Amino acid sequence: MGTMQQWLTDQADVRTRRGTVRNTTARTITGRNSATSDSAARATLLDLASNDYLGLSTDLRLKTAAIDAIGRYGTGARASRVVTGTQPVHAELEEELCGLTGQTAALAFSSGYAANLGILTALGGPGTLIVRDEHCHASLIDGARLSRSPIEVFAHGDLAALDRLLAGRSQPRAAVVVESVYSVLGDASDLTETARICAKHDALLVVDEAHGIGVAGGGRGAVHAAGLAGAEHVVLTATLSKALGAQGGAVLGPPALRAHLVNTARSFIFDTGLAPAAAAAAAEACRIIAADPSLAQAVLGNAAVIAQVCGIEQAAGAVQSVPVGRSEDAVQLAVRLEDAGVLVGCFRPPSVPDGISRLRLTARADLAQEQVRQAAGLVAGMVAAVAPGKVAAR
Ligand SMILES: Cc1ncc(COP(=O)(O)O)c(C=O)c1O
């Protein structure tokens, strides 16, 4: 066996020993809007693991918008946005994103990951200090690293530490990076205070709203809810693949930022434009969310049920995180829950910021509260049996 092949085998053994093996198993899920007639004979599962918080990925209005866009523009964007890949549907999406979030300009990327790489590499460099919360998503960590900026990391939510780091900086510019609602633990940033500290130190605040848009602030996001939409020193990034039910990402902020990204963000320039179907579906989702704040309320109502039944403090958004402890236990619980018909996320190192493996349950607007209550009861009962004291089953 070659050296590389031997190394791959050794790495696989390590993952097996540590209980951190990931897989890409296809599953048929169910929800109010889901097609459950998958030809695979597998029973359908109640999905409390995805990020389809509003159930829009299977909504007929989004499907119709996507199909119309394919009819009009074809299945692919065919080129980079800065060559011939920009189509009217991209402009429509960017306008709807601005309408939803209250921002003045938007730039759509092919994913949220690419949007985060794009903004941080375009703003970064030796003259820009990047200061980020320690719980930031991998795409923000990678973007900061790729930017070649000096990087400082502050303890999760420690705004006094952020204040000190900004006060002590030697670089002319600084960008502070946080998530409005964190992806694994589901807790929220104090955006008002973070923005105040940024303003005091003439720093730009970059807020990743991946888990905020569609859920916080009646669906318009946490930045909007904090009254910071359009603030000169606050910009945001978004994914179109969670509450918006489509695929893709975006950066939102002032027109000068958009122009800078179009000209310098490598993950925008050297990437084929977002597929027209995804852009059209996301634009339709923006219109639906803007017109119907009850969707966001429904997610939070179901999140409250999960938290109450699992005996945990309710986290700010759709994500509710049930600590288990050992990764083997978390994996085993997730498998047993799937066998019982409930799909939950299983987060283990290195995807858990505090090293505690957990089940991650996401609330969805398109599930009845009773359905959620029963599923959460199953989770609570199983977790209590494996990790007594972690949850108080009700
Ligand atoms: C906080 C956060 N930012 C960015 C992303 C990346 O978004 P996308 O899946 O659209 O690449 C995700 C999710 O995957 C996320 O949770």
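Reader: What makes strand 6 count as mostly covered?
Author: This is a predicted model. In strand 6, 6 of its 7 residues are buried. Buried means under 20% relative accessible area. On that basis strand 6 is called mostly covered.

Reader: Which strand does strand 6 join through 5 bridges, running parallel?
Author: Strand 4 does, and the two run parallel. Pairing takes at least two bridges, and strand 4 and strand 6 have 5. In this pair Leu129 stands opposite Ala174 of strand 6. Strand 6 is also joined to strand 7, again by 5 bridges and in parallel. There Val178 faces Val207 in strand 7.

Reader: How do you know that strand 7 and strand 8 pair, and in which sense?
Author: At least two bridges are needed for a pair. Strand 7 (residues 204-208) and strand 8 (residues 234-239) have 4, and the sense is parallel. Leu205 stands opposite Val234 of strand 8.

Reader: In what order do the 7 strands of the open sheet come?
Author: The order is 3-9-8-7-6-4-5, with mixed pairing. From one strand to the next, the twist averages 20 degrees.

Reader: What makes strand 3 and strand 5 edge strands?
Author: Each of them pairs on one side only. Strand 5 covers 151-154.

Reader: Which strands does helix 5 lie across?
Author: Helix 5 (residues 112-123) lies across strand 3, strand 4, strand 6, strand 7, strand 8 and strand 9. The angle to strand 8 is about 150 degrees. Angles run from 0 to 180 degrees between N-to-C directions.

Reader: Is Gln171 buried or exposed, and why?
Author: Gln171 has 17% relative accessibility, so it counts as buried. The cut-off is under 20%. Gln171 is found in the loop between helix 7 (159-167) and strand 6.

Reader: What is Gln171 in contact with, leaving aside its neighbours within four places in sequence?
Author: Its contacts are Pro126, Gly127, Thr128, Leu129 and Pro150. Contact means heavy atoms within 4.5 Å. Gln171 and Leu129 are 42 residues apart in sequence, yet 6.0 Å apart in space, C-alpha to C-alpha.

Reader: And Gly227: is it buried or exposed, and why?
Author: Its relative accessibility is 62%, so Gly227 counts as exposed. That label needs a value over 50%. Gly227 lies in the loop between helix 9 (222-225) and strand 8. Its C-alpha atom is separated by 9.7 Å from that of Gly102, 125 residues away along the chain.

Reader: Why is strand 12 called largely enclosed by the rest of the structure?
Author: 6 of the 6 residues of strand 12 (residues 357-362) are buried, so the label applies. Ser357, Leu359 and Leu361 point one way. Arg358, Arg360 and Thr362 point the other way. All of these are buried.

Reader: How many bridges join strand 11 to strand 12?
Author: 3 bridges join them, and the two strands run antiparallel. At least two are required for a pair, so strand 11 and strand 12 qualify. Gly345 stands opposite Arg360 of strand 12. Strand 10 (residues 319-325) also pairs with strand 12, antiparallel, over 6 bridges. In that pair Gln320 faces Leu361.

Reader: How much space lies in the largest pocket?
Author: About 1,400 Å³. The lining has 47 residues; Arg22, Ala49, Gly345, Cys346 and Phe347 are the closest to the centre. The elements that give two or more residues are helix 5, strand 8, helix 14 (327-339) and strand 11.

Reader: Which element gives the most to the lining of the largest pocket?
Author: Strand 11 does, with 6 residues. By class, the pocket lining has 16 nonpolar, 20 polar and 11 charged residues. Gly counts as polar here.

Reader: How many cavities of 30 Å³ or more are there by this rule?
Author: The count is 1. In a cavity the 1.4 Å probe fits but cannot get out, whereas a pocket is open. The largest cavity holds about 40 Å³ of space.

Reader: Which residues line the largest cavity?
Author: Arg81, Ala108, Phe109, Ser110, Ser267, Phe268, Asp271, Thr272, Gly273 and Leu274 do. Strand 3 (105-109) and helix 11 (266-269) are the elements that give two or more residues. The cavity lining divides into 4 nonpolar, 4 polar and 2 charged residues.

Note on methods. Residues are numbered from 1 along each chain as its sequence is written. This is a predicted model: local features need pLDDT of at least 70, side-chain atom pairs count only at pLDDT 80 or more; totals for chains, interfaces and linings use all residues. Side-chain values use heavy atoms; hydrogens and water are left out. On a 1 Å grid over the protein atoms alone, a cavity is a set of points where a 1.4 Å probe fits but cannot get out, and a pocket is an open set with protein on both sides within 12 Å along at least five of seven lines; lining residues have an atom within 4 Å of a point. Grid points are joined across faces, edges and corners, and a volume is the space filled by probe spheres set on the points. Buried means under 20% relative accessible area, exposed over 50%, partly exposed in between (1.4 Å probe, protein chains only).
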